Amino acid sequence: MNIVVAMKQIPDLQQVRIKNRKPILDDVPLTFGNIDRNALEAAVLIKEQVGGSVTVVAAGKEGLEDTVKEALAAGADQAYLIICNEQEDIESSISAKLLAEAIKQLGSVDLVLFGEGSGDNYSSQVGSRVAELLDLPQVGYVERIELTAGELVVTRSLEDGKEVVQVALPAVLTVVTDLNQPRIPSVTQILKAGRKPKKVMSDQELLGAVPTPKVKTLSNLAPEIKRKQIQVGTAVELVEKLQAEGFLGRA
Amino acid sequence: MSNILVYTEKTELALELIEAARILCRAGLGDEIKWLSINNRAQAEESAQRGIDSWVVKAEGITIADTAALASIIAQASRVLECDTIVLSSDRRGKELAGRLAAKLDAGCLTDVKALESAGQDIGLVRNALGGATVAVQTITSPQKVIAFAPGAFPCTEEVPEKSGAVNELEITGVKASVKVIENRPKDAGTVDIAKARILVIVGQGIEDKEDLPLVQELAGKLGAEIGCSKPVATDKKWLPEERVVGLSGKTCQPELAVILGVSGQVQFTVGIRDAKLVVSVNKDENAYMNQMADYVLVSDLKEVLPELLQALG
């Protein structure tokens, strides 16, 4: 089974600092989103079960070749990387076109996996957009995958319950973090990762003319939050404060 | 001229979307609101009571699980009904649908929109960005727009007795089912929605011992609170179910009081609780970022402080 895992290069959110309400992204290392790692693990598990290949497809900025090493170490066989030169975040409609075109060029693909949302923007559009551009059926928020002949039976996790759905291959799935526990690659796997095949293209090489973004960002600032930040010394004091604030009734 | 099409399979959320769509109309994004209902005549009647015209599509063999088919139906309906802007709900089904529909219509799309604000000539769509560290104000620049609003972001629209909307039928053809639903397992009716809780006690990784959970439950009982948790407590430790996770990949909550026990306060968490009226942070690390986001801070070991709190509450 030929499986594609789409992964998004994002800043390491734990290292983003805020200064004057503005996010400081300089020198913040780039990585992949956590849920993307669950999608990769799912692909590697299926490959281990039935054979085939796992290809990581990612669009990002310079340094993507480094970022992808962690995915190659964690079990992907090869990578297809699309480098975009703009400093701005790649808008969802463009990123979907890039990924869909790259997947088309890979030829026969049976399954395309995404995390249900990226770690940074979390708009959860790109998986669905790619499914439409490839004209494939899709199921989102998958927490369990069972493979049968030419078909998948997947369980999706929704706000109000679970839904078990059958879908024919090829298909696009987006997965939730409950699906699995991503493996931590061994040193040997990390060393081997550098030698795995990578195809690198620029966005222009892939699409010819890169489409214009359909979304404009007017501002992007940390919210102003005013909290009292009063330190209390003991549990008793805390309870008194809560009583004074009108909680805990008049007991 | 153009109109705004509203669709979600959940009637309660559709009523919120009407309020959002009214603001978009006033901002010049549409003349009229049109409500689309798929295989659900009862929903259309609800719309009529709010003075909104609705169109009911009968799509045989198509279920709400079928994102590809739903996107085809809505795209066709938007053309027939002359709607350039489509408004959806940003629950899981709605978000999944938003991307597919946007690609079909070559539309710009934003999901999880939590507010609208005027931005000069444009209407700004407000949503969290950078994992919740920032709040972005964005506009969609393409003629076709798909906007998914966060559940609860707008109030439900009221019934208007003086004006009744028309209920129309709309025929859509050529849509094939792409998935088959084998089983539905709804959550128990008793399942709590922490997003609606008035008081929350939130368990973080600072609670190191699972044996302390009953004490947290006792505390929640005394406060009349529901219990929430940070993501690792549900996904790594599996102490509490995923539906109790507060934060970017869980619920966004606006309780009157949040008592936060042993959460360090990464933005992916705090984004889910920063709209709380009053925040208490109990943490043994005095430098925990959560403490800066709190009104009252108690620096103490939770193992010791939990029994003390219970005793102080009597």
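What pLDDT does chain B average? In this predicted model, the average for chain B is 94, and 99% of its residues score at least 70.

**View 1. Chain B as a whole.** Nine helices and 16 strands make up the secondary structure of chain B. Along the principal axes, the C-alpha atoms of this chain fill a box of roughly 65 × 50 × 40 Å. The model as a whole scores ipTM 0.92 and pTM 0.89.

**View 2. Burial and contacts in chain B.** Chain B has 314 residues, of which 56% count as buried. For contacts in chain B between residues at least 6 apart in sequence, 63% join residues at least 24 apart.

**View 3. An open sheet with strands from chains A and B.** The sheet holds four strands, in the order β13(A)-β8(B)-β7(B)-β6(B), and the pairing is antiparallel. At the edges stand β13 (215-221) of chain A and β6 (115-119) of chain B. Each of these two has a single partner strand, so one side of each is left without a neighbour in the sheet. From one strand to the next, the twist averages 35°.

**View 4. The pairing of β13(A) with β8(B).** Strand β8 of chain B covers residues 134-140. Its pairing with β13(A) is antiparallel and runs over six bridges. Which residue of β8(B) is the bridge partner of S219(A)? The partner is V137(B).

Technical notes:
Residues are numbered from 1 along each chain as its sequence is written. Chains are lettered from A and ligands numbered from 1 in the order in which they are written. This is a predicted model: local features need pLDDT of at least 70, side-chain atom pairs count only at pLDDT 80 or more; totals for chains, interfaces and linings use all residues. A residue is buried if 20 or more other C-beta atoms lie within 10 Å of its own, exposed if 12 or fewer, and partly exposed in between; C-beta atoms are placed from the backbone. Two residues are in contact if their C-beta atoms, placed from the backbone, lie within 7 Å. pLDDT is the predictor's confidence in each residue, from 0 to 100. Two strands pair if DSSP finds at least two bridges between them. Axes are lines fitted to C-alpha atoms, for helices over the stretch in contact, and angles run from 0 to 180 degrees between N-to-C directions.
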